[in-house]
Amino acid sequence: MRSRWYTREVGLHKWRRAVSWGMDMSAIVEEIREAYAGVGITLDQPATFGTYYRLLCTGCGRMVGNVGDKLLPGMAAAIVNEQRDMYVSGLLGCPCGHQRERARTGNAGEQA
Amino acid sequence: MNEMDAIKDAEERGRTDLWPFWRKAYAQGDPLPAFSSSGPRAQFSFDEGDPLPEEYKGLLLRMLRHEGERAGNKSFLGLMAMCLDLAETLYPGRETKLLKSEYVAEELKHAIMFHRLAVGLERDFALRDVPYAHYSFHLPRETWADDAYFHFFVDLNGAFHSRDWRESSYLPLRQMAATVERDEVGHSEMGYYFLRQICAEARGKELARRLLAKWYPAALDMFGRSDSPNVPKFIHWGLKTVGNAEIRELYKGYVDRKIEALGFDVPDERKNRRFL
């Protein structure tokens with residue numbers, strides 16, 4: 001239980017904001033994870049101090065890029081959707097072709 | 001030889017025909033546009049160790065938090081690690097990988113410079129972890145072209161801010177501004193050099209054309225809202241000379257010319273923008 005001292009010295013509003021900020025970050029990470037799963041890319045564990053994440057090919061495990069956890073809400077899905085035809089054409093994605101196939105079939109919700 | 005001379009010596013031994021990219025950029029004259037402040041210049045001037053007005057110190061720390069290139073900032077080191085990951089995995093050859101390593105070395109030099117500045121300003125700040133808050137530092141980078149845009153646009157943003165710091169009322173910042181500006185122009189030129197290589201073949205050009213739509217709005221958004229209430233305070237104290245809208249416009253003029261030189265249409269400046 002949070003002490004009176006903590007509430008007085010730190011300020012409840014700041015604590016609430018921090019908690020809310022932390023939740024926002026994990027929500028953004030989930031958004032990113034979900035958006036990339038739909039094109040056959042797995043969001044790896046945080047690579048560096050909890051801010052940046054490797055993007056791995058779900059088919060072969062190769063690193064295909066990275067991403068940070070401070071995208072704005074909705075941004076990850078918008079970017080992946082905008083890039084979907086680039087995975088299909090092979091402009092983006094792993095040389096093994098997994099994203100090309102996943103994006104072409106449009107089968108959202110693939111899990112790592 | 002003092003520590004900065006040793007760094008300078010190490011840098012000079014790393015020079016090649018290409019690196020550092022700033023040499024060619026400045027050899028043709030000042031590559032950046034002139035900043036003209038709309039009002040009278042602030043008359044304040046503070047050096048390390050001077051007592052600072054509370055508001056001034058708060059604004060200066062805020063500015064340095066955004067800047068981020070500080071040895072004690074874990075998130076900056078994380079960003080550098082991510083850069084190395086990308087170079088190892090996505091870069092096409094030895095030359096480009098070596099250039100990227102020179103870039104990281106130069107950013108680490110900045111981290112030492114800003115560390116000294118932080119220690120002189122507030123010791124507790126030196127070890128504070130401040131993740132980059134702006135989304136442009138977090139956009140997915142899935143190709144060498146993404147990374148090239150990151151350098152072309154984001155490092156150039158640093159160069160424009162450093163140009164403004166040449167007039168800073170905080171003397172330690174003013175003293176290092178020209179070096180940081182020059183280096184950041186070089187990093188942006190490195191990104192542009194990569195883009196020209198990428199655009200040399202049709203498939204790469206198509207990739208770069210498509211990715212421009214992701215990076216251009218982020219680049220313009222990096223300067224913040226045009227009506228930011230803090231800007232007049234920064235200008236009052238001499239920590240900035242121009243507002244967000246003015247510096248964004250100068251930046252836009254610079255990058256638009258270079259985008260056109262790649263053979264691309266400049267995107268609509270309002271499309272997908274988050275901070276107008």
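1. In chain A, 47% of the contacts between residues at least 6 apart in sequence join residues at least 24 apart; contact means heavy atoms within 4.5 Å. Of the 112 residues of this chain, 39% count as buried, where buried means under 20% relative accessible area, exposed over 50% and partly exposed in between, with a 1.4 Å probe and protein chains only.

2. The model is predicted, so local features need pLDDT of at least 70 and side-chain atom pairs count only at pLDDT 80 or more, while totals for chains, interfaces and linings use all residues. Residues are numbered from 1 along each chain as its sequence is written, chains are lettered from A and ligands numbered from 1 in the order in which they are written, and side-chain values use heavy atoms, with hydrogens and water left out.

3. Chain A has three helices and three strands, in the order α-β-β-β-α-α from the N terminus. Helices (H or I, at least four residues) and strands (E, at least two) are DSSP runs, numbered from the N terminus.

4. In chain B, Asp155(B) belongs to helix 6 (residues 144-165). Asp155(B) is buried but has no salt bridge, and the nearest side chain of opposite charge, Lys100(B), is 7.3 Å away. A salt bridge needs a side-chain nitrogen of Lys or Arg within 4 Å of a carboxyl oxygen of Asp or Glu; Lys and Arg count as positive, Asp and Glu as negative, and His and the chain ends are not counted.

5. The side chain of Asp155(B) does make a polar contact of 2.8 Å with that of His151(B). Such a contact is a pair of N or O atoms within 3.5 Å; within protein, one must be able to donate a hydrogen and the other to accept it, and residues adjacent in sequence count only if both atoms are side-chain atoms. Leaving out residues up to four places away in sequence, Asp155(B) touches residues including Tyr103(B), Glu184(B) and His187(B).

6. Helix 7 of chain B (residues 171-198) should span 40 Å at 1.5 Å a residue for its 28 residues, and its end C-alpha atoms are 41 Å apart, which agrees. The expected span is 1.5 Å times one less than the number of residues. Because 20 of the 28 residues are buried, helix 7 is largely enclosed by the rest of the structure.

7. Two backbone details in chain B deserve a look. The peptide bond from Trp19(B) to Pro20(B) is cis, with omega near -5°, and Asn272(B) has a positive phi, near 60°.
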